[in-house]
Structure formats: C-alpha cells, structure tokens
Amino acid sequence: MNRPVLSSTLPFLQANARWLLGGMMLTVFSSFGQAFFISLFGSSLRGSLSLNNGQFGGIFMLSTLASAASFLFVGRLVDRYPARFVASGACIALALACAGMSLVTSVWMLLLVLYTLRLLGQGLLPHIAMVCMARWYVAERGRAVAVASLGHQLGVAVLPLLVVSLIAWSGWRSVWLLGALSLLLIALPAIYLLMKVERTPRGSVALNTDRGEPMRQWTHREVAGDCCFWLTLMFILIPAFAGTSVIFHQAHISELKGWSATLVASGMSAMSMGNVIALLASGRFVDRRGACRLLPHFLLPFALACLLLSATDQAWGLVVFMVLLGISQGMSTALFGSLFPEIYGTQHLGSIRALLMSAIVLATAIGPGLSGWLIDRGVGIDTLLQVVAVYSLFGTMALWGMSRLLLQRQRRVSVAAD
C-alpha cells in the first residue's frame, strides 16, 4: 500500500470512525451466510446427509435462488426504516439461522437454513452497509465503501483457519452455535449503538455534479427499464458466478490438485491481503476519477487468476491465484458500492441495490450448482476455468465500451443541469 493512499485515509478514518466501524461490523458478521464460510462445512454436511457434490451444490443453488427472489422485497426495507432497526432484526434472524444449522438432520432443514443464511448474510447485512456508505458520503464515497467492506476481508482472513481448528477440536455443529452467540452478544448491541446516529448528508439531497453524478434520482422501476443496467450486469456478475463456484468447490479442487486443507485456508488469507490492498487503492481511485473509469479494469486480474489455476497444480499457483482473485474482488467491491449511486442517485438506492444484489445472489446460486453438475458429469475443472477466463477477457472489452457510454450520459446530464 503506498504512502499517499495511507496518509489520505488515516484522517478520514479518525473523523468517521463510528459510521465506518458500524459498516465493518455488518460486513464481518455477514460471513456466516457467505459461500466461503459455508463451504468450510461442505465435507461435514455431505457426510452427515449422504450427499454428493452435485446434490449439495443443487441444494445450495435452490436455497440461494429463493433468497435472490426474496431479496427484491427485503432489500427495500432500508428505504423505509432506519438502518439500525433493519440491521438489528437481521442480526437476530441470522443468529437463529446459525443455531438452526447446528441442528440440521435432513435435506429439507438444510434447504431452509441455507435460504435464511444466504438471504441475511450474503444479502441483507452487506446491503445495509453499502447503502449507508453511499448515502452518508459523496466526495469520499469510494473510501467509505472500501473501509466498510474490510469487515468481509477480515472474516475471510481469520475465519477459515479458526473454523478448521474449531471443527477438529469440538465438531462442526458447535461452530455454528458459537456463531449464533457472537451475533447476539457482540454484533447486535454494537451495530445498534454505532448506527444509532446517522451521518449527514443523506441521499435525498441533490448530488454533486462536479463528480459527474446525476441530479436525477432514478426509481427502481426506471433502473429496471434501463438497458445500460442490464448490459453492464451481464459482465460484472462474472466474479460472483465463477469466483463463488471455485470457493464453494475448494475441497474438490484441493483433492484433485493434492492441496491440504491448511494450504487452502492459508490461500484464503492471501486472497484477503490482495483484496484489502485493492479495496483501499480502488476506493481512492473512485473518489478521484469516478467509478465509471474503474469499470473496464476489474475483470483482468480475475481472468489471469483463472488461467493460472487451470495451468498448474503447484502450491504457489494456489497462492498467486488467491491474490489475483482478491485483487479483482477488492476492485469489484469498491466498484459495486459506488457505480450505481454515481449513475442513478441515492434516494431510492435500497430498491436499486436490491435489483443488483438479487442478481449477484442469483449468480452465486447458479454457479456452484451448475459447476457441481458439470463436475459430476466429467467436465474438468481446468476446462471450466479456461472458459471463464475467455469470457472475462471478452467482458473486459465490452465494459470498456460501456464505460465510455456511461461517461457520455453523465456529461449530458451535467450539461442539462447547468
């Protein structure tokens, strides 16, 4: 991390510690519903319920598809109620889901618990954090999104090694009970107190046209009818689709390539390091140049990561793959938190991001299920990675053109506003 980024970030952290810490708490405790966390229990769940890779991936896909459909309605709660109340309710419900996972004895129970975990952990908690950062910050939005998102990277860096150790010591069911207790005793009171006082400005005020942001406040219906939204979505979902598939099937990939569980967990920590560096640098870039100019670049590290993983079985290949994957994810996090507020405004951001998050959750559902089905039918993981890499390179070229189009539209809006 270079010194200019660090020196410009420290004063910002000091002045906004309360709200940024609240955002970080939301993202770190969302880990219980994220694919990387659930995948750590894949072998245990498959063994307990006698499931193969395709069946487990299918259950994961169905539960996540259901959560994606539900999130179109749940995500709008942030537009209607104070963030502290929505976050508190989400923490309580997520704690109940974690407790439920510790008691899973049937496929139907697993399906219900995974649905709740994905809806709240994958969806609602990080959604609240990103909506709040976008509404509470304008000129420093990129850094606010980046810092709040560090909670997720903290979870990725710490939890895999911790969970592997706890499972070996006390069994996998007790880990979920500990998760439920941490949500009720730590996350719930801390998030409520930190978010009790909301920062100004709110997203309902007119936005700064000097940043290229539109004065018009789009509704979710208008966004749903905008072709630019759907064309951009076709390619920005690639890491969610393929990256989640790789993480979800990490046990299968490690078996094929001869990697130990400890090595894979260490690779997750390396991914977090790359993610943090990319997050902070990308947040600073967004504040200076705008999210539209970052759009064409975030898929390149992901394409290189997929090509590398398909080409080697060496341990160093896993580490480099994870670092590149982390860089791409860090860039995409800063991008997703800033791009749509920059284009569509923030007054109806909860509903607008509900569309985005539903699409992301949908991609994370289809990816593991489809890849598990293909793996069970003999399609090699290296072949799948190569196909994803080619599509990512094509997406990079397409997003370069989309970036130019969005910038031109912003300039027209700014001229009309003047």
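## Reading salt bridges and a core

Mentor: At 5% relative accessibility, R135 is buried. Keep in mind that this is a predicted model.

Trainee: Which residue forms a salt bridge with R135?

Mentor: Start with the general idea. Side chains of opposite charge can pair when their charged atoms come close. Here the partner is D79, with the closest N and O atoms 2.2 Å apart. The pair links distant parts of the chain: D79 sits in helix α6 (residues 77-80) and R135 in helix α8, 56 residues apart. D79 is partly exposed, at 28% relative accessible area.

Trainee: How many salt bridges does the structure hold?

Mentor: Five. Some of them join up: E140, R143 and D287 are linked in a network.

Trainee: What are the N to O distances around R143?

Mentor: R143 meets E140 at 3.9 Å. For D287 and R143, the closest N and O atoms are 2.9 Å apart. D287 lies in helix α15 (residues 261-289) and R143 in helix α9 (residues 141-170), so this pair ties together parts 144 residues apart in sequence. R143 is buried at 9%, and D287 is buried at 10%. E140 is partly exposed at 25%.

Trainee: Which residues touch the most other members of the largest nonpolar core?

Mentor: General idea again: in soluble globular proteins, nonpolar side chains tend to be buried together. In this core of 134 residues, the answer is F37, M101, L110, I128 and W176. Helix α8 (residues 107-136) gives the largest share, 16 residues.

Trainee: What is W176 in contact with, leaving aside neighbours within four places in sequence?

Mentor: Its contacts include F32, F37, F41, M101 and L117.

Technical notes. Residues are numbered from 1 along each chain as its sequence is written. This is a predicted model: local features need pLDDT of at least 70, side-chain atom pairs count only at pLDDT 80 or more; totals for chains, interfaces and linings use all residues. Side-chain values use heavy atoms; hydrogens and water are left out. A nonpolar core is a set of buried Ala, Val, Leu, Ile, Met, Phe, Trp, Tyr and Cys residues joined through side-chain atoms within 4.5 Å. Buried means under 20% relative accessible area, exposed over 50%, partly exposed in between (1.4 Å probe, protein chains only). Helices (H or I, at least four residues) and strands (E, at least two) are DSSP runs, numbered from the N terminus. Contact means heavy atoms within 4.5 Å. A salt bridge is a side-chain nitrogen of Lys or Arg within 4 Å of a carboxyl oxygen of Asp or Glu.
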